[in-house]
Amino acid sequence: MKTFSHTLGIALLSVSVVLSACGGGGSGTGTTNSGINWPASASWPVTPTPPSPSPPVDASNSVPIVVDTSMGSVNQPSVTVTLCPAGAPNNSQCVTVKNMLVDTGSVGVRVASSALNPALAAQLLTQVGATDDKVGSAPIVQCALFASGFTWGPIKRADVTLGNKKASNIPIQVIGDGGYTAPDDCVSRGGPDLGSLLGANGTRAFNGIVGIGHSVRDSSLAAKSVIPAGYYYCPTTNSCTGTRVPLAKQVMNPVAGFATNNNGTVIRLPALPAGGQVSVTGQLIFGVGTQSNNALPTNANILQVDGNGFFTTQYQGRAIINSAIDSGTNGYAFSDATIPTTGEWYTPPSDRGLSATMEATNGTGKPVPVPFSIGNATNMMGSGYAAYDNVGMYLANLPVYDVTTNNTLSEEGFLWGLPFFYGRSVYTVLENAQVGTQAGPFVAF
Amino acid sequence: MRFAKIALAAATLLPLTSHAVLGGAPAAGSSAPMSLRATQQAASSTASASSASTSTPIYSTAAYSVYESHDADGIAVREYVLPDNVVFAVTWQGPVRPDMNALLGSYFPNFVSAGEERLRGTGTLIQRNGELQIESAGRPGHFFGTASLPRLMPADLRANNLQ
């Protein structure tokens, strides 16, 4: 109680500090964060830390991952994607889009319409054929829900190229093209419209999402039943009706669309020095156990995940089933009321060494103890860097004892966001894939 | 334009909702929390009905009661209600998010602006916006979260939250 009041007091006083600290990281305007007399841009020479030893880069099945401030917030890994009309005979009609978020927490390529040139946008094929569209010719439009909001826009087909790997003629989402009015159900369940944040904005640009989660298509549920705020078919601009969509016509994991190296990915990021790093370059490697650069080590920690990518984290005696390793979450997110907070970020006076144990919710495999560290996010973000391996958010919950079932009910979650990825190779293996004796979906590191 | 749309959504959806409104009374059809003793008796005698309606609290203290409901889409929503019948917190868990406009009522714009005021990727949204504390987590297929009005939260629930 005492801790909470203290924490709350700090939170109330300092919300504006955190907001400016976070925003300042991406703006590059050199704003001074009130309460912290550090410039947002470091005024001293920044010496990049040499990356930890890693195998030579094999560009045949990998692309660089960049973590820098151009994505508009800390710890946002991005890749560059080339999009072409399906079957385009040459590259003249293609567009190369930087700053696409690498997201192990979702499935499919979703690009801001502002990042496409109008000529290309017009040439992308329209996806039709929704299950409940009796005529069968209405464009399919999606309301894609994320923890942080929603994206709205039509499903188009494109050739998606990442480095030297191409997924031909796969459904993607074009966000915010203004072609269709978002239905009330999408707006009311989605909340924040992520489309309003996408595209170029001054020195930053967040152009879309490359979802490389464990599924081949983005919603097995939507293939079977009409889910609210999901897929729609839209005969006209203002009349969209919720629908089922066959898996083959849903937004697709681009990796699953490659001819080879299509069973999963490896995200390999270097370890960071204390205090973070101004920017980071790592690798997104395609395939697991298919080439020398993506072999699953014999001593790898392997966690079977459920259909949505979740496993269980045990922390301070609590088994938290809403647990995932997620490159699209920009910090650790969990509940520990003993750590002071400022806004949503943990801000302990000195670094806290913590530990949790990961295990498959279905009981398979071995529990994996994972040490991690939480530092003072406000102090660190004053440097204006893009990469921090020890920032965490307080993800509160309201546990309640259900007298009718004698169970404690809780929405508690534990998200292992990008800080977890630094200094590791994180393997995301798809459903129905097999790596050695291990069947997907699983995550390994 | 956006606000007009939100207002329109609110006007059309609110009367249809079966959930509570944050800062207001619990769902239509649910009785006001009765005395602590009466609700506990009701809870133990209608255990099987608790998942189908919000009329019986699943938990009560002198400071607040908790109601739970499940809808046809598999979304579980819990409402935390003060003795004077005001909802001070809601939680949700399910394959999609519940109708947040219906759930948050006049605080829905706070949720929207919490997410739209700056980039944070696709992951967990945790933010205080005005009176609303919102924590929205999960990923496609499984979402969960809480929304509360810290100003109204009873002290003993804050203490519980520390455990």
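Guide: A:Trp152 is buried, as is A:Tyr232, where buried stands for under 20% relative accessible area, exposed for over 50% and partly exposed for what lies in between (1.4 Å probe, protein chains only). This is a predicted model, in which local features need pLDDT of at least 70 and side-chain atom pairs count only at pLDDT 80 or more, while totals for chains, interfaces and linings use all residues. Residues are numbered from 1 along each chain as its sequence is written, chains are lettered from A and ligands numbered from 1 in the order in which they are written, and side-chain values use heavy atoms, with hydrogens and water left out.

Visitor: Why is the pair of A:Phe420 and A:Phe445 called edge-to-face?

Guide: Rings of Phe, Tyr and Trp (its six-membered ring) pair if their centres lie within 6.5 Å, and planes under 30 degrees apart count as stacked, over 60 as edge-to-face and the rest as tilted. The centres of A:Phe420 and A:Phe445 are 5.0 Å apart and their planes stand at 90°, so the pair is edge-to-face. Both residues, A:Phe420 and A:Phe445, are buried, and they belong to one aromatic cluster whose members include A:Tyr315 and A:Trp416.

Visitor: What makes B:Arg97 lie over the face of B:Phe143?

Guide: A charge sits over a ring if NZ of Lys or CZ of Arg is within 6 Å of the ring centre and within 35 degrees of the ring normal. B:Arg97 lies over the face of B:Phe143 at 5.3 Å from the ring centre, and B:Arg139 lies over the face of A:Phe310 at 5.5 Å.
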